[in-house]
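Good morning, and thank you for coming.

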Amino acid sequence: MKQKINKAFDEHFSGAGTIYVAPGRFNLIGEHTDYNGGFVFPGAIDKLMMAEIRPNGTDKVRVYSLDLNDYAEFGLNEADAPAQSWARYIFGVCREILKRGGKVEGFDAAFAGNVPLGAGLSSSAALESCFANALNDLFNDNSIDKFELARIGQSTEHNYCGVNCGIMDQFASVFGKKDHLMRLDCRSMEFEYFPFKPEGHKLVLVDSVVKHELADSPYNKRRASCERVAKRLGIETLRDATMEMLDAIKTDITAEDYFRAKFVIEEKERVLTVCDALVAGDYDTVGRCMYETHAGLSKDYEVSCEELDYLNDIAKECGVTGSRIMGGGFGGCTVNLVKDELYDNFIATVKEKFNARYGHEPKIYPVIVSDGARKYEE
Ligand code: ADP
Ligand code: MG
């Protein structure tokens with residue numbers, strides 16, 4: 001990838017710039033917890049966005065996307081937003097730095113990545129973090145702190161890309177650390193690194209390549225259920241709820257709201273259980289919690305779908321240590337923790353069985369937990 005980028009940069013702009021990378025992310029556990037003030041538990045992965053960048057002494061940005069074979073040129077004022085959606089991520093990062101009083105001047109860039117687009121591994125956060133970190137280094141002497149870099153990425157999605165996302169993806173892409181996951185408290189925004197060295201296991205994402213578009217905005221309905229229960233309990237978010245509290249009001253709320261809240265409360269506990277298990281190196285418990293999360297997302301929170309439940313069933317049959325839906329649900333990937341000796345059989349079986357039922361193979365992305373956004377060193 002680096003050679004390709006060097007070559008493209010030289011062809012378009014002649015010479016060479018500095019190379020920066022930023023990763024995509026996965027989330028081990030902690031789903032639908034962010035908007036309930038709970039914990040998420042992501043890690044950066046070894047799939048990256050890579051950009052070669054050099055200030056050009058003008059007030060124009062010139063960028064070449066190798067993967068899309070497309071070129072964009074834009075100024076740095078609010079009115080200069082480029083037409084191409086991929087370039088708006090970069091324009092947005094520039095604008096958000098400027099809005100915060102940071103410095104950005106014209107630059108040339110060529111970039112490419114191997115984070116699959118739209119698979120739930122957050123290629124967009126990788127793109128934002130890569131440029132945010134690079135522009136911090138090139139124009140701001142790294143004076144913008146890392147949390148602000150993540151917020152710059154998040155604001156880019158909100159203000160320039162029409163995606164109303166949380167902070168997890170950009171946070172993980174910026175703060176990622178090899179062999180560690182990060183437990184982020186979505187209420188206080190404090191975080192802690194936990195060791196993740198699943199020796200004897202592989203981590204693999206299995207992408208169903210389906211995305212069910214649902215008419216009645218299920219995400220907003222889930223949120224509304226959580227908010228109703230929290231209000232009934234007289235607390236701000238379900239972060240402060242326990243199963244005892246929920247059971248005490250069971251007869252006052254709908255069965256649907258009860259099961260939604262039950263999932264959120266149990267999921268918060270599961271994240272804490274997984275943290276203890278990781279410290280103890282107990283990956284069987286980690287795996288068990290992953291299956292519990294899947295069951296909860298499927299039966300209580302009802303955000304699974306037939307294809308994801310089937311992937312989960314196949315994982316169970318193949319003796320996979322842990323498997324669950326990753327992300328919001330209704331399609332996308334499962335994340336799987338698989339013993340080395342079972343890996344080849346699992347991959348072959350999941351491809352064959354899924355294909356036999358749905359007419360296409362799932363995509364397989366093995367991942368290794370890796371470092372966050374940084375200047376590239378050989
Ligand atoms: P994801 O879940 O992968 O973040 P998004 O839809 O949020 O999916 O972001 C994907 C968008 O990010 C793409 O449509 C494109 O605009 C931009 N993008 C991601 N990766 C690349 C890439 N390698 N080259 C150019 N643009 C990219
Ligand atoms: Mg995205």
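Which element gives the most to the shell around ligand 1? Helix H3 does, with three residues. This is a predicted model, in which local features need pLDDT of at least 70 and side-chain atom pairs count only at pLDDT 80 or more, while totals for chains, interfaces and linings use all residues. Residues are numbered from 1 along each chain as its sequence is written, chains are lettered from A and ligands numbered from 1 in the order in which they are written, and side-chain values use heavy atoms, without hydrogens and water.

Let me turn to the ligand. Around ligand 1 there are 16 residues, and Asp 67, Trp 86, Gly 118, Ser 123 and Ser 124 come nearest; a residue counts as near if one of its heavy atoms lies within 4 Å. The side chain of Asp 67 has an N or O atom 2.8 Å from a nitrogen atom of ligand 1. An oxygen atom of the ligand is 2.8 Å from a polar backbone atom of Gly 118, and a polar side-chain atom of Ser 123 lies 2.7 Å from an oxygen atom of ligand 1.

Now to a residue in helix H10, which spans residues 306-317: Asn 312. Is Asn 312 buried or exposed? Asn 312 is buried, because its relative accessible area is 3%, and buried means under 20% with a 1.4 Å probe, counting protein chains only. Among the residues that Asn 312 touches, leaving out those up to four places away in sequence, are Tyr 291 and Arg 324; contact means heavy atoms within 4.5 Å.

Methods. Helix = DSSP H or I, 4+ residues; strand = E, 2+ residues; numbered from the N terminus. Buried < 20%, exposed > 50% of the residue type's maximum accessible area, 1.4 Å probe, protein only. Polar contact = N/O pair within 3.5 Å; in protein donor to acceptor, adjacent residues only side chain to side chain.
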